[in-house]
Amino acid sequence: ALDVWSRRKWMAIIVFVFASAAAATITMSLPNLYRATASVLVETQHVSEELVRSSIGGELETRLELIRQEIMSRARLTGLINQLNLYATLRHKGVPFDEIVERFRRDVGLQLETVSQSGRGPTIAFSISYSSNDPSIAAQVANVLATSYVEENTRIRERQVSQTAEFLKAQLADSRKELDTQEQR
């Protein structure tokens, strides 16, 4: 082995230097890519189990998927692209807007982080990330998307609360009618 090394060491050193130079050149020519991530923690509402029976963990995951579909809709993404002036170079090149929206969807990542069962109920955390060549744009888009998720979740919960209130009012009215009927008997 030492004999082979002594005869071929310059060949090995030259190959190593050229491979290292090629790797360094490729690395330096690649554009910088920044990924900003925002984490969102979703806790369940504290409602008595006797009053409302549901599978809360599945409901949270379903709600998360529903919110994802709403936030990642073409209309929402188009508004966000225009508002933050994203992909300006692609738009100036005349790339179809559908391709720009698809690129935006690829640059956005949604990952379910944890599902924990505590004494107060299940808790889900998820992270929203966005990749861009500009670190400030990446951070801004990740924050806007996280805020959009929180706002959409608030709207859904408000609708659920109003529907639950209407349901309870209807149940109360039915119970009053039954009680009045029994009192008359």
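The structure is a predicted model, in which local features need pLDDT of at least 70 and side-chain atom pairs count only at pLDDT 80 or more, while totals for chains, interfaces and linings use all residues. Residues are numbered from 1 along each chain as its sequence is written, and side-chain values use heavy atoms, leaving out hydrogens and water.

I begin with the helix pair. Helix α3 (residues 74-84) packs with helix α6 (residues 135-184) at an angle of about 140 degrees, their axes being 12 Å apart. That angle makes α3 oblique to α6, since angles under 35 degrees count as roughly parallel, over 145 as roughly antiparallel, 65 to 115 as roughly perpendicular and the rest as oblique.

I turn now to charged side chains. A salt bridge here is a side-chain nitrogen of Lys or Arg within 4 Å of a carboxyl oxygen of Asp or Glu. The whole structure holds 8 salt bridges. One of them joins D3 to R7, with the closest N and O atoms 3.5 Å apart; both residues lie in helix α1, 4 residues apart. R7 is exposed, at 55% relative accessibility, where buried means under 20% relative accessible area, exposed over 50%, and partly exposed in between (1.4 Å probe, protein chains only).

Another salt bridge links E102 and R105, whose closest N and O atoms are 2.6 Å apart. E102 is partly exposed at 38%, and R105 is partly exposed at 27%. Elsewhere, salt bridges that share partners join E70, R76, E152, R155 and R159 into one network.

Methods
Axes are lines fitted to C-alpha atoms, for helices over the stretch in contact, and angles run from 0 to 180 degrees between N-to-C directions. Helices (H or I, at least four residues) and strands (E, at least two) are DSSP runs, numbered from the N terminus.
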